[in-house]
Amino acid sequence: MSEGLPVTGTTQAIRASHEIVERALALSRADGTIVIASESSTVNLRWANNTLTTNGAARDRSVTVISVIGRSFGVRTTSTVDGPGGGGDLAGLESLVRASEAAARESDDAEDYSGLVGPATAAVGGETFTDPAERTSSAVFASFAGDLAEAFGAARAQGRRLFGFAEHDRTTTWLGTSTGLRLRHSQPTGSVEWNAKSAAPGGSVWHGQSTQDFTDVDVAATDAQLRARLGWCDRSVELPAGRYETLLPPSAVADFMVYLYWSAAGRDAAEGRTVFSRPGGGTRVGEALGPAGLRLWSDPAAAGLTTAPFVTAGASSATSSVFDNGLPLGPTDWIRDGRLNALVQTRSSARAASLAATAAGPDGAGNDSGGTGAAGQRVAVTPFVDNLLLDGGGTATLDEMIASTRRGLLLTCLWYIREVDPQVLLLTGLTRDGVFLIEDGEVVGAVNNFRFNESPVDLLGRIAEIGATTRTMPREWADWFTLARMPALRISDFNMSSVSPAS
C-alpha cells in the first residue's frame with residue numbers, strides 16, 4: 001500500500017472514477033495491475049398504440065481490478081461502488097483489490113500471458129484522464145419526442161398503430177495500469193426501434209436505427225416508410241419453402257456479418273474449429289470469400305460510428321486478452337477485395353500464429369496460398385473493434401433494387417438466429433415483421449414467414465448484387481452491437497428451409 005493512504009477499514013468516499021483507478025493501483029501488491037472504471041448514464045422512451053407510455057433514466061458505475069501474479073491473473077468486478085463494501089470507499093476498494101490478487105494466486109498460468117502494455121506502445125487519445133464522466137439526459141429526445149407526437153396523430157387518423165423504444169447511453173471509461181498507462185474514452189450510443197401494425201392479417205413491419213445523438217433520426221421519413229410497407233400487407237400470398245431470389249436489407253445483412261465477425265477468432269481458426277480453418281492446418285487468410293472489390297472492415301474513427309480507440313478487456317477469450325488492455329485500435333480490413341485479409345488476433349494468438357507459420361516452412365501450412373503466413377512472416381495483432389462496415393462499390397438504393405427484380409422476396413429483418421454448425425458457420429433463424437413478394441419490379445403482397453438455413457460466409461460467395469452502403473442496426477444483436485454500415489444484398493438462391501407459423 002502506498003504511503004499516505006488511509007488505513008484499512010475507513011469508509012472515506014472516493015467520488016471521482018479516475019481517483020478510484022489511482023487508489024486501486026496504489027493499493028495493489030501484485031506484480032502487475034490493470035484497473036478499469038466506467039460510469040454510464042442512460043435515458044429511454046417507450047411508446048405503444050400511438051402513445052408515449054414510459055420514460056426512464058438510470059446511472060451505473062463499475063470497477064474491475066485485474067491482478068497479475070507471475071504468469072497468472074485474477075479478475076474481480078463490482079458495480080456497487082458508492083457505499084461501504086463497494087469500490088467507492090477505501091475499505092471496499094481494498095477488499096476488491098485483495099480478492100483480485102487472491103484469484104490470481106489460485107489461477108493457473110494464463111495461456112494468453114503477455115507483458116502489460118506501457119505508455120510507449122499504448123493508444124494515444126485526445127481525452128484527459130482526470131476529466132469527469134460525461135452524461136446524457138432526456139434533452140437528447142427533445143426534437144425527437146416532438147416529431148414523434150406528430151407521427152402519432154397521423155397514425156391515429158389512418159388506422160395504424162405505432163410501438164417502439166428509444167434509448168441513449170453515455171458511458172465513460174477510465175483505464176489505468178501499473179505500467180503508467182492512463183486512458184479515457186466517453187462513448188455515446190443510441191438506438192430507436194419502431195414497430196407499426198395495421199388491421200391486415202400479418203400487418204406488422206419494423207424499422208431500426210442506431211444514432212449517437214438523435215439529430216440524424218428522421219421521424220417523418222421513418223413513418224412514411226412504415227406506412228408504405230403496411231400498405232404492402234393488404235394482400236397476403238402463401239408460398240412454400242424453397243430457394244428464392246431474395247433482397248436482404250442492410251439490417252439483415254448486419255445480423256449475418258456481425259455473427260461472422262464474432263466467429264472470426266484467429267486462435268479458434270488456427271485450432272481447426274471454425275469456418276475460417278483451412279483443411280490440413282492453418283487458416284483461410286488469403287482465400288477468396290466474396291466478389292472482387294468487397295470490403296469488410298472496422299475503424300474506430302469511422303464517421304458516425306466512432307468507438308473506443310484502445311482495447312478495454314475485463315476478461316480473456318478467443319477474441320480478447322486482459323494483457324492487451326490499452327493497445328491502440330486502428331482501421332482493420334477483415335475482408336479486402338473479396339479475400340479474407342485478417343482474423344481477430346490478440347498479441348498471444350498472433351504470436352502463436354507467427355510461430356506456427358515459421359514452423360510450417362515455405363511448403364507447409366504457412367505458405368503464401370492462404371494460410372497463416374509465409375515462413376518467418378509475422379502475423380499482425382488485429383484486436384476486436386466495436387464497429388463493422390461492409391462495402392462492395394454498389395450505388396443502388398433498396399428501392400432501385402426492388403425495381404430491377406423480376407420475381408423475388410424482400411425481407412424486413414431476421415430474429416431468433418442460432419448457430420447450427422460452426423465448421424461452416426451455418427445459422428438458422430426466422431423472418432419477422434414483413435416478407436414481401438416482388439413481381440416485375442413492384443411489391444405485390446406480404447408472404448408468410450419462413451425459417452432459413454444459411455451461412456454468412458457462403459452468402460458472400462453467392463452475392464448477385466450489392467447495393468449502396470448505409471448506416472443500419474442489426475435487429476437481433478442490437479443489445480450488444482449497434483455500430484454498422486451495410487449495403488442491401490441480392491442473393492439469387494436464399495434458402496427458406498421451411499414455412500414458419502410465426503406472425
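1. Basis. The model is predicted: local features need pLDDT of at least 70, side-chain atom pairs count only at pLDDT 80 or more, and totals for chains, interfaces and linings use all residues. Residues are numbered from 1 along each chain as its sequence is written, and side-chain values use heavy atoms, without hydrogens and water.

2. Open sheet. Six strands, in the order E3-E2-E1-E4-E5-E6, form an open sheet with antiparallel pairing (strands are DSSP runs of E, at least two residues, and helices runs of H or I, at least four, numbered from the N terminus; two strands pair if DSSP finds at least two bridges between them). Strand E3 (72-78) and strand E6 (204-211) each have a single partner strand, so one side of each lacks a neighbour in the sheet. Neighbouring strands are turned by 15° against each other on average, direction ignored (axes are lines fitted to C-alpha atoms, for helices over the stretch in contact, and angles run from 0 to 180 degrees between N-to-C directions).

3. Strand E4 (residues 161-177) and strand E5 (residues 182-197) are joined by 16 bridges, and Gly164 has Trp194 in E5 as its bridge partner. Helix H1 (residues 17-27) packs on the sheet, touching strand E1 (32-48), strand E2 (51-69), E4 and E5 (contact means heavy atoms within 4.5 Å). The direction of H1 makes about 150° with that of E1.

4. Strand E14. Of the 14 residues of strand E14 (residues 426-439), 11 are buried, so this strand is largely enclosed by the rest of the structure (buried means under 20% relative accessible area, exposed over 50%, partly exposed in between, with a 1.4 Å probe and protein chains only). In the hairpin of E13 and E14, Leu425 takes a positive phi near 55°; in that of E14 and E15, Asp440 takes one near 50°.

5. Cysteines. The whole structure contains 0 disulfides (pairs of cysteine sulfur atoms within 2.5 Å). The sulfur of Cys413 is 12 Å from the closest cysteine sulfur, in Cys233, too far for a bond. Cys233 is buried, with a relative accessible area of 1%, and Cys413 is likewise buried, at 0%.
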